[in-house]
Amino acid sequence: MPQSPTTNWSFQPLHRQRSGSGYHQHVLNTVPETAILTTPPPIRKPLTIQIAGVAENKRRYIPARKKPKSAMKMLVDTEREEALNLQIEFEWVLRQEVHAILKQLRTILVECAHRFPVPLYENEGKKTEKFILTVSPDQLKAVLTLTGDAITQADISFKLCKAPSQTQRTSITQDSPWKLQQVQDAANHLQTAINHIDDVDDSYHFKTSDEVLHVIGNILDALQRGRNSLLVPKKKPIDELIKGRNMKSLVPNLPEDLAVSFYLQSHKLIIAVYQLLNNQGTMRFDSRQAEASVQWLNDVLLLLMNGQKLCQQLKDKISVFSVYKDFTVGSRSPSALSY
């Protein structure tokens, strides 16, 4: 069958297509698996960056992943931050709050001084008050006048244990007043506390907690002694009472087995009468007492207590910083902490 010029070779068998004219057979050279490769790996050219017309070669690097902070390192950093904040607050307390509290404390103590019946901080003193101290039924009665820190007049009557029907009478006159030493002692301690505040100049900058604690300690000590002078009267043996200087103020003088005592305890003025008794060779004493409330004593004790509370609050606050004894104003590296 004659071949048509439009013969479609796609219908011819494969071996006839390969044997036809125009077909070039390509033979692939095989390489043994054990052969060594001699072709080097391709060379990677560095990245070329064009900056303002100048070519610059830079190598690309993958940044190393940052290691997370250890728990100990985070704890140390936290403690350092807390220490720095504590120091900043400490400096503010030293420069501002201490002086503000001392000024407030002085106002309280001067007000307390004005309540005393003796001359103290522009207080003229010599305040006169009348009191009636009695125990019914007429066992003991005292009508007295208190001027400043002394009883300037008193009429005293009491019944004896040995003879209940007998009434003993005596008195105190202005010529020989009965001195209440507790009032003057308390006023002196209050004066000392105010002096400790006045010794601190307003422009002075405290540098350590020890300085503040020293000043506050002195003030607290003076205030405590002042309160104790009014709250806890000194106890004396009856022999000392009988021979005491104040017993000479009584007119007429009492027998040697009798003693009278005036004292302050808390907000009360108290009179006590003591009588020595000999019971078959054994000496003992019997006593009676009467009391009256004194308003200025109550005011003084309240103001002293308020002053003590204010001092204690400042002392407690400063004591928090006293742990960091190496803190000094202007230092930013607290050496009290060791890591």
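Analyst: Angles under 35 degrees count as roughly parallel, over 145 as roughly antiparallel, 65 to 115 as roughly perpendicular and the rest as oblique. The model is a predicted one, in which local features need pLDDT of at least 70 and side-chain atom pairs pLDDT 80 or more, while totals for chains, interfaces and linings use all residues. Residues are numbered from 1 along each chain, and side-chain values use heavy atoms, without hydrogens and water.

User: Why are α2 and α4 called roughly parallel?

Analyst: Helix α2 (residues 71–115) and helix α4 (residues 209–231) pack at an angle of about 15°, with their axes 11 Å apart. (Axes are lines fitted to C-alpha atoms, for helices over the stretch in contact, and angles run from 0 to 180 degrees between N-to-C directions.) That angle is under 35 degrees, and therefore α2 and α4 count as roughly parallel to each other.

User: What makes α4 roughly antiparallel to α6?

Analyst: The axes of α4 and helix α6 (residues 295–321) cross at roughly 155° and come within 9 Å. Because this angle is over 145 degrees, α4 is roughly antiparallel to α6.

User: Which residues of α2 and α4 meet?

Analyst: Contact means heavy atoms within 4.5 Å; in α2, Phe90, Leu94, Val98, Leu102, Leu105 and Leu109 meet Ser209, Val212, Ile216, Ile219 and Leu223 in α4. By class, the residues of this contact are ten nonpolar, one polar and no charged, where Ala, Val, Leu, Ile, Met, Phe, Trp, Tyr, Cys and Pro count as nonpolar, Asp, Glu, Lys and Arg as charged, and the others, Gly among them, as polar.

Technical notes. Helices (H or I, at least four residues) and strands (E, at least two) are DSSP runs, numbered from the N terminus.
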